[in-house]
Structure formats: structure tokens, C-alpha cells
Amino acid sequence: MLNVHKLWLFSSLCVIVIVVLYFQSEIARLEEAYRKLEYKLVQSHTESRQFFPRDAPKDDDDLVVIYNRVPKTGSTSFVGVAYDLCKKNHFKVLHINITANMHVMSLSNQYKFAQNVTKWQEMKPALYHGHMAFLNFERLGTSSKPIFINLIRKPLDRLVSYYYFLRHGDNFRPHLVRKKHGDKMTFDECVEKGQPDCDPNNMWLQVPFFCGHAADCWKPGNLWALQQAKHNLVNHYLVVGVTEEMLDFISILEASLPRLFKGATEHYLNSNKSHLRQTSSKIDPSQRTIEKIQQSTIWKMENELYEFALEHFKFVKKKILLRETNSVAQIFFYEKIRPK
């Protein structure tokens, strides 16, 4: 009799678990459907209320966008969307390949690159992407400037991802042997032993990427570099998203730069691009490791930039994407035009 009672309890628990899992999946599906509907409502409302001169050009065929992508921030997933859309939307996507994967160009190459991308009419409109530091076109004598965009990630998450990427690779090219292949040491063990691969100084990457090509940008812990990175992020980037909110980043780009990114949100939602590249065999660090890393000056400065970028992204997002009940998508138009 006792065994029958236990069997009944076990069966009941199984049924409850199955029901809970079912409702969780249904809630997730409904939330996804709501986001799609919400986005379409924003798009249709904005397009129906916006007014432009009759002879205004619909497409900006002179558009040049530079995505100076920070490693291990989800950049492959985003670029995959651009490559999928480029033929349909009639624009070019070009990868910037610098010798030995260097992040900083020589002065002569800075000038050549700036002149090239702004004057290469056959390649316009275009999205250029590569692991390179921000480049200020104002000091390079170009007649026009490109639009910069980027993604930023929590600094410790980015470092941990890169640590395991060097050892185990990812699901994008799983058979490629990486630099540290065969090293089984976990990130926790690396921190405990004080090894160079997990040195907090290795987090010093997002600050210099936004700071630029100045020598002080690449000195770990340089306060001027952090302030310059913030200045550039606000003054020279159209939008800087965060890895954790990739969908909203793409939606903002579609709303702001439809010439390149029309259809990007729906494509991202209905394709496998949201998980295109994931680091293999990644183990989350322990709380003890996290606390130890967060004591470092480098983490504090990199995290300050991340929090600054996140706050700015939320501000931008609030003005473009509908998130509150009864809120209205912002538009602008002209009136009281004189003389008639």
C-alpha cells in the first residue's frame, strides 16, 4: 500500500512539473509574439505619421556605417544579420582585416582608410566591420564622416568568454584548433593561481576601443582614456547597444537606419542569428572569483564604462521603442511654413 502511495505522489509530481514547463513555454511564446506585434505597431505608426518633402530622396545611398566591433560581445551574431540583409537591401558589407589582428592602425593607414571609405562610391552604401579602435575622421581631412555603431558587454562576462574561447573555441567553427587548445584549467583555478590569462588587465579592451588610437588609450587604468571613451561614445556613435539586449539594439538600428537595416528585427527574431556563435565549455566563475576580480581598478573602470553605456542605451531606447502602455512613438514634422 505504501509503494502505491509513493507511486501516486511521484506521478502527481511529474504531472505538475510537465504542466509548469508547458505554461512556461507558452508564456515565453506569447511574450515573443507580443514583442513582434509591438515592434510592427511602432513601425506602422511611425511610417504613417511622418512627413517629408515630395522630392526628398528616399534612400541615403552615400551612407557609410563603421562597426568597430569589440571581441566577444556578440558581434558575429549581429554581423550575420547584416550579411543576410545586404543583398535584399542593396548595400555592401566589408570586413576590415588588419595585419596580425592589430586593433590600432599606423598613422599612414589611418589616413588611407579614412579617405578610402568616404570616397569609394562603388561600395556605398556600406557597413564596414572589424576589431579596430575608434578612429576620429575629423582629424584626417575627410569631406564626410561615417556613422559609428557598437556593442558593449559586462567586462567580466567578456573576459570569461574570451578565456574559454581560446581553449575550446565555439560552435561557429567547432573544428578550428584554438591558441590554448588542451589547457583544462578553469577560470576559477586561473584566478586562484594568479595566471596571466585571467589577469584583470586583460579586461582593458572596451575602454581603449571607444577611446581610440591615442597612446594613453591603451595604458590599463588610464583615467583620461576612460573619460575619452565616454566622450566618444556620446558624441561620435549613433548608438551603442549592450550584448544582453541585442534585439533592442537591432530594432533601434532598423528604426534609425532603415536604408541598411530594414527587416532586421523580424529576420533576427525568425532566424538562428540570435545564437550564432557561442563559446564552448564555458563555466561561470564562482562568487569568490567574481568578488576578487571586482576589487581590481581595471574592472571598476571597465564596468563604469559599461554602466555609462547601458544608461545611455536605455535613454535612447525609451525614445524610439514603445515600452509603456499608452505611450506614443515620437515623430517630427513641419508646419506654419511661410511664405506659402
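Modeller: Buried means under 20% relative accessible area, exposed over 50%, and partly exposed in between, with a 1.4 Å probe and protein chains only. By that rule Lys317 counts as buried, at 13% relative accessibility. This is a predicted model, in which local features need pLDDT of at least 70, side-chain atom pairs count only at pLDDT 80 or more, and totals for chains, interfaces and linings use all residues. Residues are numbered from 1 along each chain as its sequence is written, and side-chain values use heavy atoms, with hydrogens and water left out.

Biologist: How many helices and strands does the protein chain have?

Modeller: Helices (H or I, at least four residues) and strands (E, at least two) are DSSP runs, numbered from the N terminus. The protein chain has twelve helices and five strands. Of its 340 residues, 42% count as buried. Contact means heavy atoms within 4.5 Å. Among contacts in the protein chain with a separation of 6 or more, 76% are between residues 24 or more positions apart.

Biologist: How many salt bridges are there?

Modeller: Side chains of opposite charge can pair when their charged atoms come close. The rule here is a side-chain nitrogen of Lys or Arg within 4 Å of a carboxyl oxygen of Asp or Glu. The count comes to nine salt bridges. One of them joins Asp248 and Lys317, at 3.3 Å from N to O. Asp248 is in helix H8 and Lys317 in helix H12, so this pair ties together parts that are 69 residues apart in sequence. Salt bridges with shared partners join Glu245, Asp248 and Lys317 into one network. Asp248 is buried, with a relative accessible area of 6%.

Biologist: Which residue meets Glu304 in a salt bridge?

Modeller: Lys230 does, with 2.6 Å from N to O. Glu304 sits in helix H12 (residues 297-320) and Lys230 in helix H7 (residues 223-236), so the link spans 74 residues of sequence. Glu304 is partly exposed at 35% relative accessible area, whereas Lys230 is buried at 14%.

Biologist: Are Glu192 and Arg288 buried or exposed?

Modeller: Both are exposed. Glu192 forms a salt bridge with Arg288, and the closest N and O atoms are 3.7 Å apart. Glu192 belongs to helix H5 (residues 187-193) and Arg288 to helix H11 (residues 287-293), 96 residues apart.

Biologist: What is the nearest side chain of opposite charge to Glu254?

Modeller: For charge, Lys and Arg count as positive and Asp and Glu as negative, while His and the chain ends are not counted. The nearest to Glu254 is Lys262, 7.8 Å away, and the buried Glu254 has no salt bridge. Glu254 is in helix H8 (residues 246-256). A polar contact is a pair of N or O atoms within 3.5 Å; within protein, one must be able to donate a hydrogen and the other to accept it, and residues adjacent in sequence count only if both atoms are side-chain atoms. The side chain of Glu254 makes one with the side chain of Thr265, at 2.8 Å.

Biologist: Which residues in H2 meet H8?

Modeller: Ser77, Phe78 and Val81 in H2 meet Met246, Phe249, Ile250 and Leu253 in H8. Axes are lines fitted to C-alpha atoms, for helices over the stretch in contact, with angles from 0 to 180 degrees between N-to-C directions. The axes of H2 (residues 75-89) and H8 come within 11 Å and cross at roughly 35°.
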